[in-house]
Amino acid sequence: MPEVTLRDVARASGCSIATVSRVLAGTRPVGAETARTVREAAERLGYRPNQVARALRSRSTGTVGLVLPQITNPFFPSLVRELEHALHAEGRAVLLADCDDDPLTEAARIDALLDRQVDALLLIPVDERRSRDAVADAATRVPLVLLDRGCGPGVADSVAVDNAAGMALVLEHLAATGRRRPCFVGAAGTASAAVERRVAYESGAAALDPQAPGRVELGDFSVEWGRAAVDRIWPARPDALVCANDLIAVGALQRLRQLGADVPGQVAVTGFDDIPPAGLADPALTTVRQPVGELAAEATRLLVRPPGGTGSRRAVRLAPELVVRASSTPRQGAAR
């Protein structure tokens, strides 16, 4: 079928092409009755705006690029869903890129999205240091907001959960339930979330045991590392595994069950993020819940800042919530 044009809508509504354009673009106020007539005609004819032509006229594509470290981490799809909803409500579409945890691929994906003339960028950087140059360059070209992880001060606006506060909630819970020999199982490298959670553990764990800050095992944010870490840790019989994310914790739970360990009787296990599998683990996983809806809303709000804007960069930190489940229930007789 031939494409329905503004001229067709103007003829069907009895209005000028200029009036039809103003109504459908929403650029200038038009009388309510006229607007209703135009919209009814457009709907009746099946008119669809030519987005390419509109982009050429407005110099705006209505798209936001979103670059993720690895889409297979279940936390990220939950965040993508909330971002897509928030941006769609503003009439903006999302172009998604996965860089497979590689800073070089990440830089290439950023360049590809900029070549497609995206209006803005949202990024969860792979690494605080190795991602910095590509992020800083892109932030001079389009509005850019970092999510969940940072690239150091002054690089770009950012929004993330308060990782230190989340780890403090975990340690307070373990202390209150009688745990005194915790061990931290985290991720190596310089991704800011990994570093912040480890540092927060090392700062707060001494309140449970002076030796606890030194009990740290680092690998990556994966189920496989969670399993492997248990084989390294379990001979020392810690009474709590504080895991840097839920994937590590799920792997740890699987391996502990294979070894016949009593969770939570012998050892408590906690995670971070509250991904969907956390509640399905056996036993269900105690974890720190990230407010993904608020993360998406704040990131969308921060995107209004022009690229290379003057003034200090904004860093929004959102409050986490501890979700207590069966993997860390109190020992009998412990303080509550």
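I looked up Arg255 and found it partly exposed at 21% relative accessibility, where buried means under 20% relative accessible area, exposed means over 50% and partly exposed lies in between, with a 1.4 Å probe and protein chains only. The model is a predicted one, in which local features need pLDDT of at least 70 and side-chain atom pairs count only at pLDDT 80 or more, while totals for chains, interfaces and linings use all residues. Residues are numbered from 1 along each chain as its sequence is written, and side-chain values use heavy atoms, with hydrogens and water left out.

The side chain of Arg255 meets that of Asp231 in a salt bridge, with 2.8 Å from N to O; the term stands for a side-chain nitrogen of Lys or Arg within 4 Å of a carboxyl oxygen of Asp or Glu. This pair links distant parts of the chain, since Arg255 sits in helix H11 (residues 246-258) and Asp231 in helix H10 (residues 223-233), 24 residues apart. Helices (H or I, at least four residues) and strands (E, at least two) are DSSP runs, numbered from the N terminus. I noted Asp231 as partly exposed, with a relative accessible area of 42%.

I looked at Arg289 next, which forms a salt bridge with Asp274, the closest N and O atoms being 2.7 Å apart. Here too distant parts of the chain are linked, with Arg289 in strand S10 (residues 287-289) and Asp274 in the loop between strand S9 (268-270) and S10, 15 residues apart. Arg289 is partly exposed with a relative accessible area of 33%, whereas Asp274 is buried at 17%. Salt bridges that share partners join Asp274, Arg289, Glu321 and Arg325 into one network.

I also recorded the pair Asp157 and Arg314, whose side chains meet in a salt bridge at 3.2 Å, N to O. Asp157 belongs to strand S5 and Arg314 to the loop between helix H12 (292-302) and strand S11 (315-318), so the pair links parts of the chain 157 residues apart. Asp157 is buried, with a relative accessible area of 1%, and Arg314 is partly exposed, with a relative accessible area of 30%.

I followed the strand pairing from S3 (residues 120-123), which runs parallel to S4 and is joined to it by 3 bridges; two strands are taken to pair if DSSP finds at least two bridges between them. Leu122 stands opposite Val145 in S4. Together S3, helix H7 (residues 132-139) and S4 make a right-handed β-α-β unit, right-handed meaning that, with the strands pointing away from the viewer, the path from the first strand over the helix to the second runs clockwise.

S4 pairs in turn with S5 (residues 157-161), in the parallel sense over 3 bridges, and Leu146 has Ser158 as its bridge partner in S5. S5 and S11 also pair in the parallel sense, over 4 bridges, with Leu318 of S11 as the bridge partner of Val161. In S11, Val316 and Leu318 form a covered face, while Ala315 and Arg317 form an uncovered one.

In the loop between S4 and S5 I found Gly154, which is exposed at a relative accessible area of 58%. Rolling a probe the size of a water molecule over the atoms shows where empty space is left. On a 1 Å grid over the protein atoms alone, a cavity is a set of points where a 1.4 Å probe fits but cannot get out, a pocket is an open set with protein on both sides within 12 Å along at least five of seven lines, and lining residues have an atom within 4 Å of a point. Grid points are joined across faces, edges and corners, and a volume is the space filled by probe spheres set on the points.

I found 3 cavities of 30 Å³ or more, and the largest cavity holds about 70 Å³ of space. Among the residues lining the largest cavity are Asp148, Arg149 and Phe221. Helix H5 (75-88) and helix H9 (192-204) each supply at least two residues of that lining.

The largest pocket has about 420 Å³ of space. Of the 22 residues that line the largest pocket, the closest to its centre are Gln70, Asp101, Arg149, Asp220 and Phe221.
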